[in-house]
Amino acid sequence: MMYSNRRCSTSNYGQASKGAVDLPMEIISEILCRLPIESILTCKVVCKTWYGVTRDSCFVNKLCNSHIQLTRLILKPWPCEDISDASSHLVLVDTEEHKARRIPIEKSLLGLEITCFCNGLFCLALGSRADPVVIYNPITRERVILPSSGSKPDYHIPKVGLGFDPSSGKYKVVRACTFVGANRKTVTFEIISLGDSSWRELSVPHSMLDFTHLGVVFWNGSLFWKLTLGKKIRVVEFNLSNEKFTVLSLLENLSQPREAPQLIDLGGCLNIVEHASEQIKLWRLTRSGSEGYLSFCLQHAYDMHVKWGSAAYYEVMKESNHNSYILKVGFRSSQYACFDHLTRYFPLSAQYMHLDISGLPDRFAAISFKPSLVSPLVASCCSE
């Protein structure tokens, strides 16, 4: 069992006073793992021993799987007139403690969108070109730029997914490339593992090719793609272990609201959030039958007592304590004047509580994630 070094200091009387008490490294790791991520970042610069603990792969994995670490929101401010200030940072938000903290971001990443996330790592990409694709940890600010695909510059990349394959221990990135020519549209799916030097083309069910790819979410070892074709909504699972696609139910019972339904992980379960006028409906992914088929079943339907539309809109950010959900609520007064804020929604009583958190931008994109110390650099090396 390894022990940390005892630190001593000298008092005014020339006597050595004891500093930190000797503790086994396992105990230090356990203590640090129970701290919020902001405190861990402070502790890692105290001494080399603690820094070494936070860089240890066992600690990083334990922190990543810890139920003590709460989910946070990351906000990406929308660009405004003051580009240097509005877009040069992300905002880490603790909705339980009502705290916000700015995270600087490199200029080279400003124009990229957060398309997916997994274990605290973000996948950043452009919506109009194949490259670049960047894997980024906003807490450690480490990043890895993936190899160029060599695709034509007029390829359009609607969404890029990032996930962890538990069978191989590798992080994998999957993207859909759509090329619109004079008389035809070509859709291909490509995959790459962190540490690999090139992308590989995937075999895709023909029924997926005509759909529009709206979003992708990592959950339980798979990437789930949300597809639409007219009024049809389809969810497709891509298993990262066997690298095969499975088409799930069409969700024909969904209404056709103004806002597209969300595909989101709420409380560890994958859900479709249906914005149905004055109601919110949650469809949860469940496994049924002897074959274990996956399908979405209606779990909850709540009255919101608000007529949502073009002037007032919302997104569900995460499931919170106190039997509530955190919503991003936006108000649109004109084509260009929009304002966003965070609200706690209590579905059983249909009540709302504005979250008064200083430091939030006027308008932002937001996602819910669990911060981690996973290094994309280390993940790339481990995959080689």
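Predicted model: local features only at pLDDT ≥ 70, side-chain atom pairs only at ≥ 80, totals over all residues.

Reader: What makes a residue count as buried, and what percentage of the 384 residues do?

Author: The cut-off is under 20% relative accessible area. Of the 384 residues, 47% count as buried, so each of those falls under that cut-off.

Reader: Why are S5 and S26 called edge strands?

Author: Look at the open sheet: its four strands are ordered S5-S4-S3-S26, with antiparallel pairing. Strand S5 (99-104) and strand S26 (364-369) each pair on one side only, and the twist averages 25° from one strand to the next.

Reader: How do you know that S3 and S26 pair?

Author: Pairing takes at least two bridges. Strand S3 (residues 72-77) is joined to S26 by six bridges, so the two count as paired. For instance, Leu 73 has Ser 368 in S26 as its bridge partner.

Reader: What makes the crossing of H1 and H4 right-handed?

Author: A right-handed crossing has the near helix turned clockwise from the far one by less than a right angle. Helix H1 (residues 25-33) and helix H4 (residues 57-64) pack at about 30°, their axes 10 Å apart. H1 passes H4 in a right-handed crossing, so the turn is clockwise.

Reader: Which residues meet there?

Author: Ser 29, Glu 30, Leu 32 and Cys 33 in H1 meet Phe 59, Lys 62 and Leu 63 in H4. They divide into four nonpolar, one polar and two charged.

Terms used. Residues numbered from 1 in each chain as written. Heavy atoms only, no water. Axes fitted to C-alpha atoms, helices over the stretch in contact; angles between N-to-C directions. Contact = heavy atoms within 4.5 Å. Nonpolar A, V, L, I, M, F, W, Y, C, P; charged D, E, K, R; others polar. Buried < 20%, exposed > 50% of the residue type's maximum accessible area, 1.4 Å probe, protein only.
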